[in-house]
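Me: I am new to this structure and would like to learn how to read it, one feature at a time. Could you take me through it?

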Amino acid sequence: MRHTISLLVEDEYGMLPRVAGLFSARGYSIDTLCVGPTLEDGISRMTMTTHGNDQVIEQIIKQLRKLVKVIKVTDLTERAHVEREMVMVAVTAEVGGHRQEVLNIVNIFRAKVVDVSNDSFILELTGNAEKLQAFIDVLKPMGIKEMVRTGTVAMTRVAATRVHQLKGNEETFSQLTLNEKV
Amino acid sequence: MKMRGARILIEALRCEGVEHIFGYPGGAVLHVYDELNQHSDRIKHYLVRHEQGALFAAAGYAQATGKTGVALVTSGPGGTNAVTGIANAFMDSIPIVVFTGQVPTHLIGNDAFQEADLTGITRSCTKHNYLVKHVEDLAPTIKEAFHIAGTGRPGPVLVDMPKDMTAQETTFSYPETISMRSYKPTLHGHPGQIRRAVEAMIKAKRPVLYVGGGAVAAGAHQEVRLLAEKLRLPTTCTLMALGTFPSSHPLSLGMLGMHGGYWTNMAIDTSDLIISVGARFDDRVTGKLDQFAQQAKIIHIDIDPSCIGKNVKTEIPVVGDARTVLKQMLADIERQLESGARVTDRQPWFDQIDQWRKDHPFFVNDDGDVIKPQKVIHELKRLTNSQAIVSADVGQHQMWTAQLYGFERPRQWLNSGGLGAMGYGVPAAMGAAVARPNETVVAVVGDGGFQMSFQELATIVEHNIPVKILIINNGYLGMVRQWQEQFYARNYSYSDINVAPDFVKLAEAFGMRALRATKSSEVTGVLESALNTPGPVLMDIQVAREENVFPIVPAGAALKEMILS
């Protein structure tokens with residue numbers, strides 16, 4: 001099963017290879033990995049997605065916690081959380097070609113055009129992994145020249161943000177209620 | 001007061017109470033060596049003859065005392081030569097701080113002379129490692145390194161010091177305390193889990209107390225004994241823990257696993273409750289996992305949560321320091337017994353175990369003039385009254401010693417259990433003898449492992465370190481040969497090492513006294529003579545060439561499928 005794991009780590013020399021090396025040394029795999037700063041100086045956040053059976057995931061979490069400079073490890077998978085990825089797609093769109101069709105897809109997915117030339121667009125879309133994959137699949141027949149995708153970032157829902165999210169986004173509403181039932 | 005990094009290292013080591021270090025100089029650590037001989041009254045440095053020996057000596061030192069061992073080597077090849085010793089300390093949870101030289105910071109990454117990415121190379125075999133990038137960080141880094149090496153589940157910590165870090169000056173001040181937000185080992189067990197564990201122990205009909213190296217590290221031997229005696233628990237020790245529970249104790253089952261006793265493995269196989277204290281259910285202990293102790297509930301006490309549930313399913317996990325948790329358990333036992341709980345009658349269980357023990361004991365037999373290796377260990381046990389500190393190398397002699405010496409106290413038995421690194425025995429004994437100069441220290445080694453480490457005879461002679469080296473010489477890589485005999489149709493492929501130096505002459509060439517036994521009748525005399533001679537002595541005992549270690553659980557087989565003879 002796919003798991004999304006969030007780590008707070010000391011922002012020190014060699015942290016990334018420590019985490020990545022643990023996975024390769026013990027035969028686990030990292031599907032996606034995002035690293036960035038946090039509000040607090042000296043602490044970085046790593047968000048990773050991985051997969052495995054319950055025993056493997058339990059070991060991954062315990063082994064990550066065991067790393068001396070890892071401050072906190074949270075498996076977000078079993079709690080209410082929001083996940084986002086971003087993709088940039090360079091898609092063929094020649095003048096007189098299917099430019100309008102591409103723009104229709106952009107509207108449907110609430111994506112953005114971030115660069116235009118005579119024969120192509122660069123499109124940007126943010127969403128969860130499934131939404132991004134659907135977007136890419138629909139664009140494929142148009143001719144994808146290049147695609148760049150970030151890994152997943154994720155955040156636990158907190159009570160205060162729940163209300164806000166419920167108002168704005170039906171998709172996350174269903175996801176939230178589903179998670180709460182679990 | 002301002003001082004250069006090299007001097008800061010010396011002062012920091014003194015603050016940590018370090019008296020002995022094992023090392024080998026080289027370009028990148030010359031500033032440190034420039035200080036070392038000026039402070040030899042405060043820190044005694046032992047010049048090993050190979051960096052691997054420095055790490056094994058530091059391991060033996062740490063394992064014999066519980067204190068953190070210290071090794072110092074240079075950059076590049078100094079560090080890479082030390083890697084086997086670092087990996088050994090990692091696998092066996094030995095507290096060691098390794099200082100390595102590194103090329104100056106401005107040359108790092110330049111493929112400079114004697115440059116190697118030592119923090120990169122050792123990342124997966126250290127508990128943690130550091131590259132010091134500012135001289136102001138040196139003292140706090142050393143403080144952290146010792147803290148991490150010696151607390152929680154102990155292990156090796158490497159501090160890589162670029163040459164300019166030992167040359168630059170700064171004000172020395174050593175932190176008195178340390179607090180790390182990312183590293184706080186759990187010491188106390190969860191009270192609810194402790195209560196459940198004690199209930200299970202009181203009720204069990206066929207319990208086994210299974211004691212591992214974690215109990216040694218935690219200094220929990222007294223608590224282990226109190227627990228075993230209080231609830232009358234048959235007690236087995238892993239290879240790493242031999243001596244933690246006295247072998248002569250009526251409740252002792254000896255060692256379990258691949259070369260464990262028949263009665264021990266049968267007890268595990270039949271048990272309804274296994275209480276693991278600081279052990280990790282490794283493959284040499286469990287045999288085929290899905291057939292391991294199928295009727296048993298498992299209580300697993302470990303300070304390292306990742307050990308729990310890694311190999312076997314655990315009903316009652318308890319995370320905490322073995323000694324602290326056992327103390328909590330002993331208190332809870334009193335409470336439960338006072339409230340009327342009664343320990344299950346286990347006489348049938350003891351009778352069963354005794355029967356197994358009578359059916360298939362370890363055998364030590366004679367074979368005319370030919371020296372039986374088991375007999376040698378038996379004689380060593382008799383002559384030292386099971387009281388010597390014994391280090392072993394890796395192989396058949398290691399297993400015979402583990403089975404037959406009868407260890408009585410913790411930190412008396414040193415060996416490379418997890419990594420199984422040949423070449424460990426001699427330098428580890430050297431480290432132990434430095435730490436415990438008034439005790440008899442014997443290195444029982446094979447002729448293979450001895451040839452991976454005999455350069456340290458020079459170190460031993462130089463400092464007159466009173467190590468007795470006992471070579472169980474069969475002219476084979478014995479354990480390899482045994483597997484080839486049993487599992488590869490006697491195809492002795494490259495395991496015959498009968499072309500070897502004359503070990504007696506070799507020792508004499510180093511200036512060490514040496515004795516030889518080739519006939520059974522000579523063994524006792526040689527042992528007595530060596531043990532009664534002050535200082536280092538080597539014994540070349542030429543034993544039966546094709547003797548096997550029994551019982552043996554074949555690789556991938558269940559414990560009860562052990563081959564007995």
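**Reading the model step by step**

Reply: Let us begin with chain A, which has six helices and nine strands, and keep in mind throughout that this is a predicted model.

Me: How many residues does chain A have, and what share of them count as buried?

Reply: Chain A has 182 residues, of which 19% count as buried. As for its contacts, if we take those between residues at least 6 apart in sequence, 72% join residues at least 24 apart.

Me: Which domains does the assignment give for chain B?

Reply: The assignment divides chain B into domain 1 (2–171), domain 2 (191–359) and domain 3 (373–555). Taken over C-alpha atoms, the centres of domain 2 and domain 3 of chain B are 31 Å apart, and their contact involves 15 residues from domain 2 and 17 residues from domain 3. On the domain 2 side of this contact, there are eight nonpolar and seven polar residues, with no charged residues.

Me: How should I think about a nonpolar core, and which residues have the most contacts inside the largest one?

Reply: In soluble globular proteins, nonpolar side chains tend to be buried together. Here the largest nonpolar core has 181 residues, and those with the most contacts inside it are Leu55(B), Ala58(B), Ala71(B), Ile96(B) and Val277(B). Helix H3 of chain B, covering residues 51–65, gives the most to this core, with nine residues.

Me: Which residues does Leu55(B) touch?

Reply: Leaving aside residues up to four places away in sequence, Leu55(B) touches Ala71(B), Ala82(B), Gly85(B), Ile86(B), Ala89(B), Ile96(B) and Val98(B).

Note on methods
Residues numbered from 1 in each chain as written. Chains lettered and ligands numbered in written order. Predicted model: local features only at pLDDT ≥ 70, side-chain atom pairs only at ≥ 80, totals over all residues. Helix = DSSP H or I, 4+ residues; strand = E, 2+ residues; numbered from the N terminus. Buried ≥ 20, exposed ≤ 12 C-beta atoms within 10 Å, placed from the backbone. Contact = placed C-beta atoms within 7 Å. Domains from an automatic or database assignment. Nonpolar A, V, L, I, M, F, W, Y, C, P; charged D, E, K, R; others polar. Core = buried A, V, L, I, M, F, W, Y, C linked by C-beta atoms within 7 Å.
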